[in-house]
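Please look through the structure shown here and keep it open while reading.

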Amino acid sequence: MALPRVEPEQYDALLAQKQARIEAQFADFDLPPIEVFTSQPQHYRLRAEFRTWHEGDDLYYVMFDGDKRTPVRLDSCPMVAERIHDMMFELIEVIRLDPVLRFKMFQVDFLSTLSGELLVSLIYHRKLDDEWVERVKPLREQFNIGIIGRSRKQKIVLDNDFVVETLNINGRAYRYQQTENGFTQPNGHVCEKMIEWAIDASAHAGGDLVEFYCGNGNFTLPLAQNFRRVVATEISKVSVRSAEWNIKENGIDNIDVLRMPSEDLSLILKGEKTSRRVQGLALDECEFTTVLVDPPRAGLDEHTVEQICEYPHILYISCNPETLHENLKQISQTHKLERFAIFDQFPYTDHLECGVYLTRR
């Protein structure tokens, strides 16, 4: 993770620059007015990873400014959530004074929630033993944290390897299991805005929803209120387990999550493939009016774009405007851009999340 310069007094101007860049980048499309959703100007990241640097008797966090050969010492970090910031420097001071805990530790990962639950992963270039476990145990109570120890082919979990996040969406609280090393949106308040926007954009779609790349069900669960049924796919076993936990925890009964590639589900829905994983789901009775995609930075391949263009409504969440622009060249041939939103998940960087809602022409 590169080092952003957190300058709250510059926040509005920097976001305006991002918006102007998006307007210029997508000027070749018939864009609706761009909806802009802001972040908190500081203490916005709920997930962060820091390298640790050993220098004589000293031990401290570093980030890299521009390249991986230029470490920058961190003595404060206003981008991370206050819960992380309030304990991370005390934590490393405790570790610095303990030869067992500091020996060959090279990274610390933090996963927090809006309510302040915190999981800390300590990562080492050595095998961890019983002595390490005994020395690290007191830190759980001292800092009120969950702890995971990692080294090559080794993972030691003290208590749980997940946190439970609560997102407030249009007045309803949704609880999500978020697993260490699983994908979650790092900016919780912006994530809430993204979900509320998606609900509003698809409010009148009706019918059933099919979702590709559903992760732990971040969008899936709240969007279920807009549709008769939701069928979602995800290939990560960890994410599928979390999604199933989240569905049960929130008492939602119209979602089915399938662990399979999106391409396989598309073929099944066309009747060109069968799978025992869909037995009993009566997918032939569904009327899929809408498709939701939230792909990785590489965007959608040409075949997947062809698949989603078969649906009357498309909800596309993108973490990469470049690949979104490329995909829209093909999608806009059959679908009209109805809504376009930008979400400032990563203040003080060039990164933006975009949301697009399209309907068939």
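A cavity is found on a 1 Å grid over the protein atoms alone, as a set of points where a 1.4 Å probe fits but cannot get out, and its lining residues have an atom within 4 Å of a point. Grid points are joined across faces, edges and corners, and a volume is the space filled by probe spheres set on the points. This is a predicted model, in which local features need pLDDT of at least 70 and side-chain atom pairs count only at pLDDT 80 or more, while totals for chains, interfaces and linings use all residues. Residues are numbered from 1 along each chain as its sequence is written, and side-chain values use heavy atoms, with hydrogens and water left out.

**Cavities**

- By this rule, three cavities of 30 Å³ or more are counted, and the largest cavity holds about 50 Å³ of space.
- The lining of the largest cavity is made up of Gln177, Gln178, Thr179, Gly182, Phe183, Thr184, Gly215, Asn216, Val238, Ser239 and Ser242.
- Strand 10 (172–179) and helix 7 (237–249) are the elements that give two or more residues to this lining; here helices (H or I, at least four residues) and strands (E, at least two) are DSSP runs, numbered from the N terminus.

**Nonpolar cores**

- A nonpolar core is a set of buried Ala, Val, Leu, Ile, Met, Phe, Trp, Tyr and Cys residues joined through side-chain atoms within 4.5 Å, where buried means under 20% relative accessible area, exposed means over 50%, and partly exposed lies in between (1.4 Å probe, protein chains only).
- The largest nonpolar core has 39 residues, and those with the most contacts inside it are Phe50, Phe110, Leu122 and Trp132.
- Helix 2 (residues 82–96) supplies the largest share of this core, namely six residues.
- A second, separate core has 35 residues, among them Ile22, Val305, Tyr311 and Tyr316.
- In soluble globular proteins, nonpolar side chains tend to be buried together.

- The expected span of a helix is 1.5 Å times one less than its number of residues.
- Helix 5 (residues 188–201) has 14 residues and reaches 20 Å from its first C-alpha to its last, close to the 20 Å expected.
- Because 10 of the 14 residues of helix 5 are buried, this helix is largely enclosed by the rest of the structure; among the buried ones are Val190, Cys191, Met194 and Trp197.

**Two loop residues with positive phi**

- Asn144, in the loop between helix 4 and strand 7 (146–151), has a phi near 55 degrees, which is a positive value in a residue other than glycine, and Asn144 counts as exposed at 59% relative accessibility.
- Asn170, in the loop between strand 9 (162–169) and strand 10, has a phi near 50 degrees, again a positive value in a residue other than glycine, and Asn170 is exposed, with a relative accessible area of 52%.

**Buried residues and their partners**

- Gln345 is found in the loop between strand 16 (335–343) and strand 17 (353–360), and Gln345 is buried, with a relative accessible area of 0%.
- Leaving aside neighbours within four places in sequence, Gln345 is in contact with residues including Tyr44, Val190, Cys191, Met194 and Glu353.
- Ile342 lies in strand 16 and is buried, with a relative accessible area of 0%; the C-alpha atoms of Ile342 and Lys18 are 9.1 Å apart, although 324 residues separate them in sequence.
- Leu300, in the loop between strand 14 (288–293) and helix 9 (302–308), is buried at 6% relative accessible area, and its C-alpha atom is 7.7 Å from that of Thr323, which is 23 residues away along the chain.
- Thr323 is placed in helix 10 (residues 321–331) and counts as buried at 17% relative accessibility.

Notes: 1 Å grid on protein atoms, 1.4 Å probe; cavity = no way out; pocket = protein on both sides within 12 Å on 5 of 7 lines; lining within 4 Å. Contact = heavy atoms within 4.5 Å.
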